[in-house]
Amino acid sequence: MDKESILRTVAENDVKFIRLQFTDILGVMKSISITSDQLEKALDGELMFDGSSIEGFVRIEESDMYLRPDPNTFLILPWNGTNSSSKTARLICDIYDSNNQPFAGSPRYALQRVLQEAREMGYTMYVGPEPEFFLFQLDEKGAPTLETNDKAGYFDLPPVDKGEEARRDMVQTLQSMGFEIEASHHEVAPGQHEIDFKYQEALATADSIVTFRIVVRTVAQQHGLHATFMPKPIYGIAGSGMHLHISLFKGKENAFYDPAAEDGLSKECLNFIAGVLKHARAICAITSPTVNSYKRLVPGYEAPVYIAWSHRNRSPLIRIPARRGTGTRIELRNPDPTCNPYLGLAVVLKAGLDGIRQNLKPLAAVEQNIYEMDLATRKMNNIESLPENLYEAINELRQDKLIQEALGEHIYSRFVLAKIREWENYSSRVYDWEIDEYLEKF
């Protein structure tokens, strides 16, 4: 869409309000609401806001920022009721500083920079995500509990899957907003669900992920439920991930596919895999960005722990789905849905491009179940582990100049500061487990 078509659509549909959306460095969606009579000014990039109030943006003495809506992200939101006078649309924005330059602290700009780097090498990145989430009941005050509304498991059907109605409405709402839904189903744990939507170019996918999270939580609320993308809300059951299916194209050709290769994987695909594996421990700080993320990344729950790749089994970090031709892709399995998708895709792409540039070769694919290997066998096969906690992941990020470059100095420094604070806050608390374990013993 362009400026004129947006203005025409707003007038024809009697849209009264427009939400101008963007994320902070942690991936939390922010929004400034304007009336439709201010839309033209916004589309011309003339609206300012105070960036000093946003996590990781700017200091108070340099707070004036400009919002520049991306016309391709225009949507009329479907949950404003039947009263046409209250219709609301949204636009996702790029951020510019007071000197009219792209703001280095904008996560969307960080991804755009790396995508431009890929274009200069002749590549376009496509990504299909598989976001998972839990649905929990609310208490009498409307606060979320940890009580699920079912005891269902993987691919179960109603009546065991009592969240099916809410999930169906989520799918229909997403479809009304232009999403092409490929699958939706109950996941392994009680109350856990997954909705997969079709791959798109990377920037559009990142935009779709932040929109998806809002839609899922809004529709859940309409059903009297709370949707959470927290990776591991309950001990002892599976956590929620967001596997990323990634491919590079050169024009209309999938650069990861080589029909002459025995496994159908091109040299560029293997280079890309090697680059991601080389930087995996630093990437983890971005794709698994919370203290809670590392409660999911433990053996026994299908979440990856080990830095390896495979054609078949699901224990390594990277799996190669069976499809070949245009569908050839890698599946990166450690990201979870709390990650900022703009930053997550930026660092993965940067690492993969580095692998292509340096002609890196991955170690041999590991086809046996790594969870069943002992430490000596893993060492013999040069299989390293992902970081065990957020602090370890941040230290890996501090040592990886390439991943820092993908983020840019502004985002990198503020992200690390925010996450060190999170770790220190977590580490200094006293938890129920400690009381149960030590209070009477000592």
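Look at the start of helix H9. A side-chain oxygen of Asn340 comes to within 3.1 Å of the backbone nitrogen of Tyr342. That is a polar contact, meaning a pair of N or O atoms within 3.5 Å; within protein, one must be able to donate a hydrogen and the other to accept it, and residues adjacent in sequence count only if both atoms are side-chain atoms.

A word on the source. This is a predicted model, where local features need pLDDT of at least 70, side-chain atom pairs count only at pLDDT 80 or more, and totals for chains, interfaces and linings use all residues. Residues are numbered from 1 along each chain as its sequence is written, and side-chain values use heavy atoms, with hydrogens and water left out.

Back to H9. Helices (H or I, at least four residues) and strands (E, at least two) are DSSP runs, numbered from the N terminus. H9 covers residues 341–357. Its 17 residues reach 24 Å from first C-alpha to last, close to the 24 Å expected. The expected span is 1.5 Å times one less than the number of residues. Of those 17 residues, 16 are buried, so H9 is largely enclosed by the rest of the structure. Buried means under 20% relative accessible area, with a 1.4 Å probe and protein chains only. After H9 comes Asn359, with a positive phi near 55°.

Next, helix H13, residues 409–428. Its buried residues include Phe415, Ile420 and Trp423. What do the buried residues of H13 pack against? Helices H3, H7, H9, H11 and H12. Contact here means heavy atoms within 4.5 Å.

Now strand S10, residues 192–197. Both faces are covered. Gln192, Glu194 and Asp196 are buried on one side; His193, Ile195 and Phe197 are buried on the other. Strands pair if DSSP finds at least two bridges between them. S7 joins S10 through 3 bridges, antiparallel. Phe133 has His193 as its bridge partner. S9 also pairs with S10 in the antiparallel sense, over 5 bridges. There, Ala183 partners Asp196. The hairpin of S9 and S10 has 5 residues between the strands, and Gly191 takes a positive phi near 75°.

Last, the cavities. A cavity is a set of points on a 1 Å grid, over the protein atoms alone, where a 1.4 Å probe fits but cannot get out; lining residues have an atom within 4 Å of a point. The largest cavity has a volume of about 50 Å³. Tyr342 is one of its lining residues. Strand S6 gives the most to that lining, with 3 residues.

Conventions
Buried means under 20% relative accessible area, exposed over 50%, partly exposed in between (1.4 Å probe, protein chains only). On a 1 Å grid over the protein atoms alone, a cavity is a set of points where a 1.4 Å probe fits but cannot get out, and a pocket is an open set with protein on both sides within 12 Å along at least five of seven lines; lining residues have an atom within 4 Å of a point. Grid points are joined across faces, edges and corners, and a volume is the space filled by probe spheres set on the points.
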